[in-house]
Amino acid sequence: MHAPRSQNYLNATVGIRSWLLTTDHKRIALLYFAGITFFFLIGGIAATLIRLELITPQPDLGSPDFYNRLFTMHGIIMVWFFLIPSIPTTMGNFMIPLMIGARDLAFPRLNLLSWYLYIAGGLITIAALLLGGVDTGWTFYEPYSTFYATGYLILAVFGIFVAGFSSILTGLNFIVTVHKLRAPGMTWYRLPVFVWSTYATSLILVLATPVLAMTLLMLLAERVLHVGIFSPQLGGDPLLFQHMFWFYSHPAVYIMILPSMGVISEVVPCFSGKPLFGYYFVVWCSIAIAAIGFLVWGHHMFVAGMSLYASLAFSFLSYLVAVPSAIKVFNWVATMHEGWIRFDAPMLYAFGFIGLFTIGGLTGLMLAALAVDVHVTDTYFVVAHFHYIMVGGAVMGFFAGLHYWWPKISGRLYPDYWARFAAILAFFGFNLTFFPQFILGYLGMPRRYQSYPPEFQIWNVLSSAGASILAVGYALPLFYLAWSILKGPRASADPWGATGLEWTTSSPPPTENFPKIPTVIRPPYQYDQGVPCVQSKDG
Amino acid sequence: MHGFPWWPPTASAYATRVNFLFSSLLIIAALTVGLVIFLLAFFATKYRHGSNAVRHQPTKKTWRWEVGWTTASLLIFVGLAVWGGELYVHLYNPPPNAMQIFIVGKQWMWKAQHPGGQREIDELHVPVDEDVRLVMASQDVIHSFFVPALRIKQDVVPGRYETMWFRADKVGRYHLFCAEYCGTDHAHMGGWIYVMSPRDFADWLQAQGGQQTLAAQGERLFRSYGCSGCHEPGGTVRAPSLEGVFGGPVPLSDGSVVTADEHYIRDSILNPQAQVAAGYQPVMPTFAGQISEDDLAKLVAYIESIGPKRSGAR
Amino acid sequence: MAEETLGFQYSTLQQERETVTLGMWAFLATEVLFFGALIAAYFSYRIWFGAEFIAAAKMTKVALGTANTAVLLTSSACMAMAVTTHEAGSRRAPVLWLTATALLGLSFVVIKGTEWFLEYQEHLVPALNFDLARHGGVAEIFFIFYFCATGLHALHLLIGICLVCWLAFAIGTGRLKPGSTTRLIGLYWHFVDIVWIFLFPLIYLAGRNG
């Protein structure tokens, strides 16, 4: 006979209003989760159509205009409506207050506003898509975007502009929360790395996104008012747009990867039964990545017409920014040395992350080599590079965190066999999809091409085959995670044997997070011969 | 049946050096990834939960390792930055007296104009073992001139000239692609580079039919657009003579000195108020919107032909 | 004075005050980057076009711009007085000071509107009636920046005026007790002032040192 279900944040109040007007960070996290899943689906459908199209060298699925709108929407949706929000708004929102021993974020109502701004921006962009889309590429280069592009540019850009405010307010909320709402005894150096990573991400969100806002505003001014700030006819400079755009968009990629790195820093110590190797280094590397990440934007412009000296400087700085990432990889691997390694699904995703992020990162170093970049920029080599980091890295990290914290969030356990199978399937599907693209890139296949020379076909076919496997790997969690909610065994407070504060409260947590605010007495990731030592005094 | 193409053709000494740099980076990357994957697999096996490997207390002295691999990473990465940069600088130093070809990119074709006046569309014929310098303009949006076999690529930006040079050393036919998204037919904006033996190239030039050289056509335009009215002796308005100007220094009214290269000539025609020659009134009218890129190329070629030498600098 | 009620996520009033203050500073940091991007783009053109850009800048109405600077600086002083008197416990004084602040803010908007109207008459408004043939493309770019910058600034100022009016009402009717809210709105107002302090020399004083 079941004991009566205790009250938790999921069942504390019922009704649609209690969800749509909630200020509980945990419920807001689930609202975001619904949103990003929806947008991942849309972006994924676009990717499916792209890979189907590219099976043959000729156009198959539609006109060139249709294809151009397809890859543009894929980029816009995946970057701004999936990757950038993904981990911070779901796991960040849910876990940060729990990890620091707080009852909520600093500004709960602002948190809800962030979600509404995200949804509003997303709906505006979806409207642009349904009305016919836009064909500029997600990078909106001038003067094509303002004076030559057909389609619903103004609507799409406005949607991104609105969603940008969601990013800014979320980042602001996290920064203030981490500074001011830590539980007694939770000093900065006792914070889990996921909190530090989210903090570093939030610094970028807050400082870089306004520059995007201004850039998009100027783009809109051009398009709506038919004036030319970046237009050569008036003496304006098309390259100024690129500088302003990439000044945001490069730090943006660190928004996308830092939270995943934070997840891996949680998963690896837990499933190694050992403290994280080099905690201080990992922490400061996160900050270093955020800081140096603001200085490398020019590496997107090595063939754009920048000066030689600018190119040399940006290349050097791009090599520099790789150092803290490399240090993190070494630290994760060293954590496993002399540990008690377990192979649950979160850890399998973490293994995948480390391997694929390393490959992606090293190809980044190849791109930072100026003479190589001249050849492979604007080709599939770059496409492969950023998908290794974004998908092999960030999305794997997302799935690692999803599987790690699912018991805490839902109070249920998912079937381990299916989870591990999905992880391995996704790993193989991913590599088959994107490794051939490195070869295509060096061969010279440019990106954003619907038609291509026939000798490139074999690699495209392999890539599309891989995409079909990857799709299955991504679809499976939808099924077994949903099953777990209905039929899965109930989870205990700490099913994995981890050490953070979030594991001291029930699964799912009560609305107020902790019956009593904990007092922290030790650093994170403390294990005694594989046995976890929880951070707080019992209370 | 195309089989598995692994590597693009290599059609210049520079491309060979890029191959070497890329391959070296590839090997370094493969070794690093190999090391990481090996360690992951090794640790996962030896230290799996339930194995009886020896596990000491986790060391507190992690900083030795940290300093070690941080220093190693820094040194390797900085070394690679220098190497990659050094080869890139090569692209910015075209040799003097390279054959100069004007390229205009527009949606969705590439047009080339040889010094002898020969014109091509979506094709470029060049002689083997000769320095070729491309002066490129766009008529509308940003395009990018990409020849994988030569490992070179340069964005072509409207409103300015971009230059690029190469020396092909292998006869053959090589892909030309547009590599910067430019609209509907971006994927079709390409063609072929034909590297020909000197004799074949001479035959090809001959076969294009008689036309005036680019510079001669430019001289005709110099008159028909009215430039000679001011810039030649006896003109009504006092304007600098352009004889011997190209490639040399030009003192400006604000005290600075610029080099009279193709960028300067183009800007002087399209935006004369921006840089006024010292000692002259800013009375030159702008020809922006009146002269096509094709004609601009001819004018530049003409002014270059009456100058002492080509600057050769990028 | 009775204290503000404590949000459930806070343990002390002091913590709440520090948190909202840090929040406001973080928000102002985003605004610095927002206007900073525009100013950086402006600077790029200023450097590239030098003389032409400055020639365009000379067409701005420096007398009105200077008057506006004085108006806004005075309004910041009034705002500071409002904050101080409210924290000292007074109720009437802050309302008066806030009213003065709002009125000065409105004066700024009126003077700015006058400038824009004059610029419209002189055919200097891009997208509406800019006389390209007479002034040239570079001048048009200058005026695009001018209208973007002053327009965004005016929008922020209007938001500030609304906040100040609401604050005056809330204090006057006794709904708002002394706490951090007044200081936060004060911070926002000073920020809008500081943005103007940067915009003013960039737009109006360019090339006028001779």
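What share of the contacts in chain B with a separation of 6 or more comes from residues 24 or more positions apart? The share is 68%. Please keep in mind, as you go through the views below, that this is a predicted model.

**View 1. Chain B as a whole, with its seven helices and twelve strands.** Let's start with the overall outline. The C-alpha trace of chain B spans about 100 × 55 × 35 Å along its principal axes. Its radius of gyration is 27 Å, whereas a compact globule of 314 residues would come out near 20 Å. Of the 314 residues in chain B, 37% are buried.

**View 2. The side of chain B that touches chain A.** Here 70 residues of chain B are in contact with 74 residues of chain A. Five elements of chain B give two or more residues each to this side: helix H1 (13-46), helix H2 (63-91), strand S6 (143-147), strand S7 (152-156) and strand S9 (172-178). If you want one element to look for, pick H2(B), which gives the most, with 16 residues. Sorted by class, the residues on this side of chain B are 42 nonpolar, 18 polar and ten charged.

**View 3. H11(A) packed against H2(B), a helix pair between two chains.** Now we zoom in on one pair of helices. The axes of H11(A) and H2(B) lie 9 Å apart, at an angle of about 150 degrees. Angles over 145 degrees count as roughly antiparallel, so that is how H11(A) runs relative to H2(B). The crossing of H11(A) past H2(B) is right-handed. In this contact you will find 19 nonpolar residues, six polar ones and one charged residue.

**View 4. H11(A) packed against H12(A), a helix pair within chain A.** Helix H11 (residues 308-336) and helix H12 (residues 345-368) of chain A have axes 10 Å apart and an angle of about 160 degrees between them. H11(A) and H12(A) are therefore roughly antiparallel to each other. Here H11(A) passes H12(A) in a left-handed crossing. On the H11(A) side, the residues that meet H12(A) include Ser315(A), Tyr319(A), Ala322(A), Val329(A) and Trp332(A). On the H12(A) side, look for residues including Ile354(A), Thr358(A), Gly361(A), Gly364(A) and Leu365(A). By class, the contact of H11(A) with H12(A) holds eight nonpolar and six polar residues, and no charged ones.

**View 5. Helix H4 of chain B and what covers it.** Following H4(B) comes Gly226(B), which has a positive phi, near 90 degrees.

**View 6. Ser107(C) in helix H3 of chain C.** The last stop is a single residue. Ser107(C) belongs to helix H3, which covers residues 92-121 of chain C. Is Ser107(C) buried or partly exposed? With 16 other C-beta atoms within 10 Å, Ser107(C) is partly exposed, because being buried takes 20 or more such atoms and being exposed takes 12 or fewer.

Key. Residues numbered from 1 in each chain as written. Chains lettered and ligands numbered in written order. Predicted model: local features only at pLDDT ≥ 70, side-chain atom pairs only at ≥ 80, totals over all residues. Contact = placed C-beta atoms within 7 Å. Helix = DSSP H or I, 4+ residues; strand = E, 2+ residues; numbered from the N terminus. Nonpolar A, V, L, I, M, F, W, Y, C, P; charged D, E, K, R; others polar. Rg over C-alpha atoms; globule rule 2.2 N^0.38 Å. Axes fitted to C-alpha atoms, helices over the stretch in contact; angles between N-to-C directions. Parallel < 35°, antiparallel > 145°, perpendicular 65-115°, else oblique. Left-handed = near helix turned anticlockwise from the far one by under 90°.
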